[in-house]
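Biologist: I'd like to learn how to read helix packing and a few other local features in a model. Can we go through one together?

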Amino acid sequence: MNTQLLHDDPQGIETAAAILRAGGLVAFGTETVYGLGADAGNDRAVSAIYTAKGRPGINPLISHFASADAAFTQVVATPLAHALAERFWPGPLTLVLPRAPACTISPIATAGLATAAVRVPAGRTIHALLAACGFPVVAPSANPSGGVSPSDAGHVLAGLDGRIDAVLDCGPCTVGVESTILDLGGARPVLLRPGGITLEMLEDACGMPITAMAGSDDARPSAPGQLSSHYAPGLPVRLDAQTVAADEALLAFGPELAGSGLVWNLSPRGDLHEAAARLFAGLRFLDMEGHRRGLVRIAVQHVPGHGLGRAIRDRLIRAASPRS
Ligand code: TXA
Ligand code: MG
């Protein structure tokens with residue numbers, strides 16, 4: 001298959017929408033990472049996503065919408081869901097809610113669960129594309145399963161060229177880590193994945209403490225996709241490094257440790273927003289260039305675990321966890 005590169009203009013958006021309508025696969029930029037999109041109601045198109053990514057079928061997908069009204073036709077929304085949507089959509093928050101009786105999302109996309117994950121992403125281009133489609137679009141991150149998520153169109157092509165119909169080039173992603181996933185299906189909200197909307201922001205909006213899922217949740221049936229080994233570059237990753245060796249690449253945060261000849265600083269001034277936006281590009285760069293230079297590992301300096309740092313640390317811990 002020849003993967004088309006589409007530009008961020010009315011013709012590129014219309015071509016992308018036409019491919020999705022016809023059951024094809026199109027990657028596009030959102031504010032978080034690039035997603036690999038398909039018509040959520042088309043079983044064959046949804047299955048093709050799992051094949052293109054090599055993704056286990058037990059790992060459900062997020063459905064994307066142009067508006068909260070559209071999202072809430074597919075799931076049973078609680079008053080809290082409406083309030084959070086009002087506050088954070090469009091934006092990097094995904095809500096897990098019970099499927100509505102009229103839900104048209106393919107059961108393949110929700111992995112047979114009684115719930116569905118929904119979000120309204122931010123960004124002019126993705127909004128125009130979703131509006132042109134008029135149906136929910138499922139989109140996992142546009143990378144081969146288990147690899148590092150893509151934050152620009154080049155990253156998508158590096159992993160999926162020839163396996164998908166097109167990439168709509170929306171420029172680099174502004175947030176850089178995936179959406180926060182909040183499960184609203186139970187008596188109390190549960191944070192399934194830290195992301196672009198911080199736990200502090202959610203607790204403030206909900207007016208109550210929110211339980212966060214602990215680090216590795218491989219055995220948890222409600223979200224089988226939150227596998228611990230994920231975001232994995234080829235080189236092993238060592239966290240919270242206080243020194244760095246000459247045969248290691250360094251992913252720095254704030255003032256850099258001395259000792260490595262290959263450094264990517266997430267944010268020299270220690271800004272967590274800047275660090276999130278530069279995280280996946282940095283892991284990719286150090287992996288590729290480190291491999292070329294014969295380095296053995298990526299050492300990572302400490303990143304604080306508050307605010308957006310919680311999502312950054314989550315991705316780094318998964319990148320460092322043993323490969324299965
Ligand atoms: O920022 C994002 O969320 C990006 C962009 C493209 O929107 N998408 C993304 O998708 O990160 P993906 O497939 O890489 O991660 C989706 C996560 C998976 O861990 C999956 O297990 C969880 O969402 N998920 C989906 N449906 C769920 C459900 N019904 N219950 C619990 N978790 C669910
Ligand atoms: Mg992913």
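This is a predicted model: local features need pLDDT of at least 70, side-chain atom pairs count only at pLDDT 80 or more; totals for chains, interfaces and linings use all residues.

Biologist: What describes two packed helices in general?

Modeller: The angle between their axes and the distance between the axes. Here, take α4 and helix α7 (residues 199–206): their axes come within 10 Å and cross at roughly 125 degrees. With the angle classes above, α4 and α7 are therefore oblique to each other. As for handedness, α4 passes α7 in a right-handed crossing.

Biologist: Which residues of α4 and α7 meet?

Modeller: From α4 you have L80, L84, R87 and F88, and they meet M201, L202, D204, A205 and C206 of α7.

Biologist: Now a single helix. Which residues of α2 are buried?

Modeller: Helix α2 spans residues 43–53, and its buried residues are A45, V46, I49, Y50, A52 and K53. They pack against β3 (34–39), β7 (137–138) and α6 (153–160). Look at the ends of the helix too. At the start of α2, a side-chain oxygen of N42 comes to within 3.0 Å of the backbone nitrogen of R44. Just after α2, G54 has a positive phi of about 65 degrees.

Biologist: What about phi values and peptide bonds in general?

Modeller: Most residues other than glycine have a negative phi, and most peptide bonds are trans. A111, in the loop between β5 and β6 (115–119), has a positive phi near 50 degrees. With a relative accessible area of 28%, A111 is partly exposed. D240 also has a positive phi, near 50 degrees, but its place is in strand β12 (residues 237–241). Its relative accessible area is 33%, so D240 counts as partly exposed.

Biologist: And where is there a cis peptide bond?

Modeller: Between W89 and P90, with omega about -5 degrees. P90 is in the loop between α4 and β5.

Biologist: Let's turn to rings. How many aromatic pairs does a search of the whole structure find?

Modeller: It finds 3. To name a pair's geometry, you look at the planes: under 30 degrees apart is stacked, over 60 is edge-to-face, and the rest is tilted. One of the pairs is F72 with W89: the ring centres are 5.5 Å apart and the planes are at 35 degrees, so this pair is tilted. F72 sits in the loop between α3 (68–71) and α4 (79–88), while W89 sits in the loop between α4 and β5 (93–98), so the pair links distant parts of the chain, 17 residues apart. Both F72 and W89 are buried.

Biologist: How do W264 and F285 pair up?

Modeller: They form a tilted pair, 5.5 Å centre to centre with 40 degrees between the planes. This pair links strand β14 (residues 263–265), which holds W264, to helix α8 (residues 272–292), which holds F285, 21 residues apart. W264 counts as buried at 19% relative accessibility, whereas F285, at 30%, counts as partly exposed.

Notes
Residues are numbered from 1 along each chain as its sequence is written. Chains are lettered from A and ligands numbered from 1 in the order in which they are written. Side-chain values use heavy atoms; hydrogens and water are left out. Buried means under 20% relative accessible area, exposed over 50%, partly exposed in between (1.4 Å probe, protein chains only). Helices (H or I, at least four residues) and strands (E, at least two) are DSSP runs, numbered from the N terminus. Contact means heavy atoms within 4.5 Å. A polar contact is a pair of N or O atoms within 3.5 Å; within protein, one must be able to donate a hydrogen and the other to accept it, and residues adjacent in sequence count only if both atoms are side-chain atoms. Rings of Phe, Tyr and Trp (its six-membered ring) pair if their centres lie within 6.5 Å; planes under 30 degrees apart count as stacked, over 60 as edge-to-face and the rest as tilted. Axes are lines fitted to C-alpha atoms, for helices over the stretch in contact, and angles run from 0 to 180 degrees between N-to-C directions. Angles under 35 degrees count as roughly parallel, over 145 as roughly antiparallel, 65 to 115 as roughly perpendicular and the rest as oblique. A crossing is left-handed if the near helix is turned anticlockwise from the far one by less than a right angle, and right-handed if clockwise.
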